[in-house]
Amino acid sequence: MELTGKTAFVTGASRGLGAAIATMLADAGCRVAVNYAHSKAEADRTVATIVTRGGTALPIRCDIADGKAVELAFRAVAEQFGPIDILINNA
């Protein structure tokens, strides 16, 4: 799968399935927003894995149950990476 130049936002991406999805998308060329609600350390580990493998990622703290917080998170990602092309609702 080739997704170079695309931006992905993966909810619940700090561990488990979300981290695996975020890493897979980065391996395919996506810039990835690694969403987390509680554990910045776990999100940072996911980001570090992606960066070590040559990808680009950004940890984004956001409670996806809060619409305003989601809006702000999407804006922050767009400022760093451009518009979001792919949304994975894993959380």
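## Helix H3 and its buried face

In helix H3, the residues that are buried are Ala73, Val77 and Phe81. Viewed down the axis of H3, these buried residues fall within an arc of 45°, so they line one face of the helix. An α-helix has 3.6 residues a turn, so residues three or four places apart point the same way. The cover over the buried residues of H3 includes strand E1 (7–10), E2 and E3. As for the source of these coordinates, the structure described here is a predicted model.

Helix H3 runs over residues 67–81, and its 15 residues should span 21 Å at 1.5 Å a residue, which agrees with the 21 Å that separates its end C-alpha atoms. The N-terminal end of H3 is capped by Asp66, which has a side-chain oxygen 3.1 Å from the backbone nitrogen of Lys68. Just after H3, Gly82 has a positive phi of about 95°.

## Helix H2

Helix H2 covers residues 40–52, and the distance from the first C-alpha to the last of its 13 residues is 18 Å, close to the 18 Å expected at 1.5 Å a residue. Its buried residues are Ala43, Thr46, Val47 and Ile50. They cover an arc of only 95° around the axis, which puts them on the same side of H2. On the other side of the helix, by contrast, Arg45 and Thr52 are exposed.

What do the buried residues of H2 pack against? Their partners are helix H1 (16–27), strand E2 (31–36) and strand E3 (56–61). Just after H2, Gly54 takes a positive phi of about 95°.

## The sheet and the helices packed on it

Four strands make up an open sheet, in which the order is E3-E2-E1-E4 and the pairing is parallel. The edges of this sheet are formed by E3 and strand E4 (86–88), each of which pairs on one side only. From one strand to the next, the twist averages 20°.

E1 and E4 run parallel and are joined by three bridges; in E4, Ile88 is the bridge partner of Val10. H1 packs on the sheet, where it touches E1, E2 and E4, and its direction makes about 175° with that of E1. H2 also packs on the sheet, touching E2 and E3, and the direction of H2 makes about 170° with that of E3.

## Two buried loop residues

Thr11 is located in the loop between E1 and H1. With a cut-off of under 20% relative accessible area for a buried residue, Thr11 counts as buried because its relative accessibility is 2%. When its neighbours within four places in sequence are left aside, Thr11 is in contact with Asn35, Ile64, Ile88, Asn89, Asn90 and Ala91; Ile88 is also the residue of E4 that is the bridge partner of Val10.

Cys62 is located in the loop between E3 and H3, and at 4% relative accessibility Cys62 likewise counts as buried. Leaving aside its neighbours within four places in sequence, Cys62 is in contact with Asn35, Tyr36, Ala37, Ala69, Val70 and Ala73, and Ala73 is one of the buried residues of H3. Cys62 and Asp27 are 35 residues apart along the chain, and their C-alpha atoms are separated by 24 Å.

Key: Residues are numbered from 1 along each chain as its sequence is written. This is a predicted model: local features need pLDDT of at least 70, side-chain atom pairs count only at pLDDT 80 or more; totals for chains, interfaces and linings use all residues. Side-chain values use heavy atoms; hydrogens and water are left out. The expected span of a helix is 1.5 Å times one less than its number of residues. Buried means under 20% relative accessible area, exposed over 50%, partly exposed in between (1.4 Å probe, protein chains only). The arc is that of the directions from the helix axis to the C-beta atoms. Contact means heavy atoms within 4.5 Å. A polar contact is a pair of N or O atoms within 3.5 Å; within protein, one must be able to donate a hydrogen and the other to accept it, and residues adjacent in sequence count only if both atoms are side-chain atoms. Two strands pair if DSSP finds at least two bridges between them. Axes are lines fitted to C-alpha atoms, for helices over the stretch in contact, and angles run from 0 to 180 degrees between N-to-C directions.
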